[in-house]
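User: Please take me through some of the labels used for this model, setting each value against its definition before you conclude anything.

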Amino acid sequence: MELDKIGQLILSKDLETALMDVKMGIEVEMHRVFKNGKLSNHGFPEELGEQEKNRRIKNDFFNMQSEIITPTAANAAEAIRDLTALNYSLRSALKEDEVLWPLSLPPILPENLNTLEISHVSPEKEKYYHEWLSKHDIRRALPTGVHVNLSFDSALINSLYAYVRNDYTDKSAIRNALFEKVTHGFIKYSWLLTYLFGATPISEQNFYVGSVPNYPVRSLRGSREYGLFSDFRGNYSSIHDYEKAILVAIDSEEIQSESEFHGPIRLKSLKGLKGMAQNGVDYMELRMLDLDPTSSIGIRSSTVRFIRLLVMYFVMNEDDWQESDQLKAEKMNEKVALEPAQSMTGYQNEAINMMNNLQNFVKSIGLSVNMQRTLNELNQRVINPSITLSAQLCNEIEDNSLIKYAISRAEMYQNGALQDQRRVYKKSLDGQDVTDDELQEILFDQDWQHIEYPKNIS
């Protein structure tokens, strides 16, 4: 791929830094579990106040399904710092017999799934949950993962628009154009993310009903057949097509609402879905990442760095999207997700080519040594599949289970957090009604240094 007009403009006007500091928010879901590997039945941690009022640490679908939501950060480093602070806050508020399950597929399930308590939410959201359950197996709501929200700084959009205003009707149009390019790129290379970061080779007993692969795979959660995907596929060809497809699906009652579209990417407008193509996309949500069990916060700094690089690459290079690419990408991702975890992927040549393209891109625009190091490390996973996350997890399977490994990691991360005595976000200290500015001062302005545990699973 070659730099297109936008890419050449960014390079010639020294806008790489503005693009590199893509704004980020990170959402991480993890189950609270007992140390015997069973789901916790404790309520929302008391020290975090009322679940419905807490903007940053909430329950997701289930009462034991914790979700951390970072504020929008100016750059990737800030996002990791904020996630670390909130992760410490959650861990410090857990009961003594609780830990956070570090895998995306759930641990031991109760025999009676009706005992799983739905999260205490608003009447409107509770109605949505029950309507969803009336159409879906309750197990489909149990997988967890990492969502990365991406948006462009207004300074970048303003600078670009000043140079290309004759080509676009307004700033929303050029912002939409950038989001389309990035969306197309991530959809087309979703299989590569599944290969590099897939970490759900097996499930625990009684999770899946019916047949599943009889061998460890790269990502059960990342596959359409076994993961949390809606039957409705959506349409990623353009912002207009994306908006129209979801609105039609809602009108025909194929899905209840925008929230029921469980695609690999969601596009968001602060003014709502209707009119998004006109008003402009405000941010995109990447939803295809499994929890990384080698990280206490569920995602490594290097993974965030790689995502940031891909955004730059997709923005600056030509977009050759065709209508057939969405189905092609879906098939490629399904194949990779269900390949034997320790095998060479059938798309290794394509993976090598993409990594070479990225390395050339990094050199051509002079990105940091850290970025080059990240690429070199991930390239080793392409060359040697035995060091991918899913392949390493295979070595920890005992009696067709990862419970022993998962609880060991969970306790290690919990103990590490409890040794840190810094002030964290607790009801007992700060109350529930702190403003975002107050929370920034209380929590995020501390010198949080995320501890990067070794990349090796063991």
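Analyst: Buried means under 20% relative accessible area, exposed means over 50%, and partly exposed covers what lies in between, with a 1.4 Å probe and protein chains only. The model is a predicted one, in which local features need pLDDT of at least 70 and side-chain atom pairs count only at pLDDT 80 or more, while totals for chains, interfaces and linings use all residues. Residues are numbered from 1 along each chain as its sequence is written, and side-chain values use heavy atoms, with hydrogens and water left out.

User: Why is Lys 268 called buried?

Analyst: The relative accessible area of Lys 268 is 17%, which is under the limit for a buried residue, so the label applies.

User: What makes the contact between Lys 268 and Glu 258 a salt bridge?

Analyst: A salt bridge requires a side-chain nitrogen of Lys or Arg within 4 Å of a carboxyl oxygen of Asp or Glu. The closest N and O atoms of Lys 268 and Glu 258 are 3.8 Å apart, so the pair qualifies. Lys 268 is in strand E6 and Glu 258 in the loop between H8 and E6, so the bridge ties together parts that are ten residues apart in sequence; helices (H or I, at least four residues) and strands (E, at least two) are DSSP runs, numbered from the N terminus. Glu 258 also counts as buried, at 19% relative accessibility.

User: How do you know that Glu 260 and Lys 135 are bridged, and which parts of the chain does the pair link?

Analyst: Their closest N and O atoms lie 3.4 Å apart, and the pair therefore meets the salt-bridge criterion. This pair links distant parts of the chain, 125 residues apart, with Glu 260 in the loop between H8 and strand E6 (265–268) and Lys 135 in helix H4 (residues 123–135). The two partners carry separate labels, since Glu 260 is buried at a relative accessible area of 3%, whereas Lys 135 is partly exposed at 43%.

User: How many salt bridges does the structure hold, and which residues are linked in a network?

Analyst: There are 17 salt bridges in the structure, and a network of them links Lys 188, Asp 320 and Asp 325. Another bridge joins Glu 285 to Arg 287, with the closest N and O atoms 3.2 Å apart. Glu 285 is buried, its relative accessible area being 5%, and Arg 287, which sits in strand E7 (residues 283–289), counts as buried at 13%.

User: How do you know that the buried residues of H1 line one face of the helix?

Analyst: In helix H1 (residues 5–12), the buried residues are Ile 6, Gly 7, Leu 9 and Ile 10. Viewed down the axis of H1, they fall within an arc of 160°, so they line one face; the arc is that of the directions from the helix axis to the C-beta atoms. The face turned away from the buried side carries the exposed residues Lys 5 and Ser 12.

User: Why is helix H7 described as mostly covered?

Analyst: For helix H7 (residues 190–197), eight of its eight residues are buried, including Trp 191, Tyr 195 and Phe 197.
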